[in-house]
Amino acid sequence: KLDVDIAPLKSGRVEIPFPKFSPKPGAEYFLRVSFKLKQDTIWAKKGHEVAWDQFLLPFTAEAVATPMGEAPKLEIPAITGKNFRVAFDPVSGEITSYRVGTKELITGGFKLNVFRAFTDNDVWFQKAFWDSGLGGMTHRKRRLHFEQLPNAVRVTATIEARGFKGTGFDHQMIYTILGDGAVVVDNVIEPVGDLPSLPRIGLIGHVSGDLDNLEWLGRGPGESYPDRKQSTDVGRFSGKVDDQFEEYLRWQENGNKEDTRWLSLTNAKGEGLLIQAAGPLSFSTHRFTPQQIDDSRHENGEPRKFVPLVPRDDIVVTLDFKQMGLGGASCGPGPLGQYLCNPQRVQWRIVMRPFRKGAEREVAPVAPMPSVSRGEDGQLHIEGVGVKVNGEAFNGTKDFAEGGVVEAASSKDGWIPSPTVM
């Protein structure tokens, strides 16, 4: 505690004592500065917090990679390893089962999702979204490829996600499954056609209903959104899944958690699923799908309706690369430009693994996919670690004005090579 004596409307310099320490591998450190009343007032008691801020400190140590262990076995359409089994649907290309021991973790495979239950503030783009046909987006498998690697199994699902007007997304999900049961999911999402602003870009899936103990490292403990998050700390929080639902006067999108590093869903026995971010991640966990919530919502001008929300037996998990800001268009402007969620090419990784205490600070030993982008001048920009383009070491800019085929992958000593970007 510091005794600060600075008069109103004045400024001063305050030195904060800070001890030296050695950062733990994979950990982050924040400094939280809080201002509290020294004495009682007519409007609040002594100790009431009147202002605070949180600062990410520049102290890090590289996270430890999880040992690879014995390579899993490919038994199409399933992959089995020590005490786990991952199965894919040959028709849809989705994960249909992720079982650890006798415990089923994932009951409905994760797939591309761009929909959220509209909020009161979404009036400015809601009609354009429905008119685009994306509200009825369907997913069709084009290709499902299995490959046994020396220390892992890699499954590539190529999916067409289209609205009823033919526009939508090409989505490639590349699963690298390791011997400890970790599933590294690399997503490459390409927009197709003329698309409106999107409610979100991410994944949606279903996990076993008894995994109702939620813990996460990120913004909390309440909900947060891209333009509504400065009022929440980054910290380690926990609670029940059912308690994450925020009841608004009219049902709408709710319960999102921004700037998430990891989340876990476990049952009373401590069995469960750990999901780690390897890039941007926000999430929500509910007993309802976004469509359920939106269908129960009464819109202005509609005849009176009452569609009760009936909780599902499983838990609906949304994992987002980005979500639209909320703005204030119910009585003012929509979100600022930096908080819009516009169609774009996305390369994005998450990691799913069996829950184990301490695993949240470990990394899966799979090299990250190189970043590939093309400028309006035809120049191809390729960045990453240990990148090879068409088999030759490369990192920088390549003239691609005339087009062609480029294959890029990255590598790291002792790790499994990344999937190839084409």
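Ser224 lies in the loop between β14 and β15, where strands are DSSP runs of E with at least two residues, numbered from the N terminus. The model is predicted, so local features need pLDDT of at least 70 and side-chain atom pairs count only at pLDDT 80 or more, while totals for chains, interfaces and linings use all residues. Residues are numbered from 1 along each chain as its sequence is written, and side-chain values use heavy atoms, with hydrogens and water left out.

Ser224 is buried, with a relative accessibility of 0% (buried means under 20% relative accessible area, exposed over 50%, and partly exposed in between, with a 1.4 Å probe and protein chains only). The side chain of Ser224 comes to 2.9 Å from the backbone nitrogen of Glu258. Apart from neighbours within four places in sequence, the residues in contact with Ser224 include Arg219, Lys229, Asn256 and Glu258 (contact means heavy atoms within 4.5 Å).

Leu217 has Arg236 in β15 as its bridge partner. Strand β14 also pairs with β16 (residues 262–266), again in the antiparallel sense, over five bridges. Here Trp216 stands opposite Leu263 of β16. In a regular strand, side chains alternate between the two faces of the sheet.

Elsewhere, Ile16 is found in the segment before β1 (30–36). Ile16 is partly exposed, because its relative accessible area is 41%.

Conventions:
Helix = DSSP H or I, 4+ residues; strand = E, 2+ residues; numbered from the N terminus. Pairing = 2+ DSSP bridges. Polar contact = N/O pair within 3.5 Å; in protein donor to acceptor, adjacent residues only side chain to side chain.
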